Amino acid sequence: RNLSFEDVLNALKMAMDLLVGPEEADTVESCSGGLLGTRVLGENVFTKRIPVIGVSACDMAKYLTTVVNAVDALASDTYSETSLQALEVKLETLLQDGIAGDPDVNIDTSDDDLRSVIEIEFELVWS
């Protein structure tokens, strides 16, 4: 089947929920929900500092805040333009507002008789 604007938006929301968590209290900053909040033997593994580089995955996850905010803004707004190109442009605009840099968003889709495939690529460049 052909993927629509709404299908892509739902995939983005699902990915953010998986990574950060679906609850209002789950934030990137708190590192408490979703994959970022994963505990192994009672320890949040993503808060542990990585040897050599001296930062944790949660420290690096703060850069996801811009993407999470952009996806939330897309989900809460309604748009008359529903093409994937329009989604790319809107997402780039929202990301640019969040990073004051030059983001790049590419959305590629393909279909066959069995499945639909979507590839979403974000490149965030801070200035």
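The model is predicted: local features need pLDDT of at least 70, side-chain atom pairs count only at pLDDT 80 or more, and totals for chains, interfaces and linings use all residues. Residues are numbered from 1 along each chain as its sequence is written, and side-chain values use heavy atoms, without hydrogens and water.

Two packed helices are described by the angle between their axes and the distance between the axes. Helix 1 (residues 5-20) and helix 3 (residues 64-76) have axes that come within 10 Å and cross at roughly 140°. The two helices are therefore oblique to each other; angles under 35 degrees count as roughly parallel, over 145 as roughly antiparallel, 65 to 115 as roughly perpendicular and the rest as oblique. Their crossing is left-handed, meaning that the near helix is turned anticlockwise from the far one by less than a right angle.

Contact means heavy atoms within 4.5 Å. Helix 1 contributes Leu9, Leu12, Lys13, Met16, Leu19 and Val20, and helix 3 contributes Leu64, Val67, Val68, Val71, Leu74 and Ala75. Of these residues, 11 are nonpolar, none is polar and one is charged.

The buried residues of helix 3 (under 20% relative accessible area) are Thr65, Thr66, Val67, Val68, Ala70, Val71 and Leu74.

Most residues other than glycine have a negative phi. Leu41, not a glycine, has a positive phi of about 50°. Leu41 sits in the loop between strand 1 (39-40) and strand 2 (43-44), and at 86% relative accessibility it counts as exposed, the cut-off being over 50%. Val52 has a positive phi of about 80°. Val52 lies in the loop between strand 2 and helix 2 (57-61) and is exposed at 88%.

Terms used: Axes are lines fitted to C-alpha atoms, for helices over the stretch in contact, and angles run from 0 to 180 degrees between N-to-C directions. Helices (H or I, at least four residues) and strands (E, at least two) are DSSP runs, numbered from the N terminus. Ala, Val, Leu, Ile, Met, Phe, Trp, Tyr, Cys and Pro count as nonpolar, Asp, Glu, Lys and Arg as charged, and the others, Gly among them, as polar. Buried means under 20% relative accessible area, exposed over 50%, partly exposed in between (1.4 Å probe, protein chains only).
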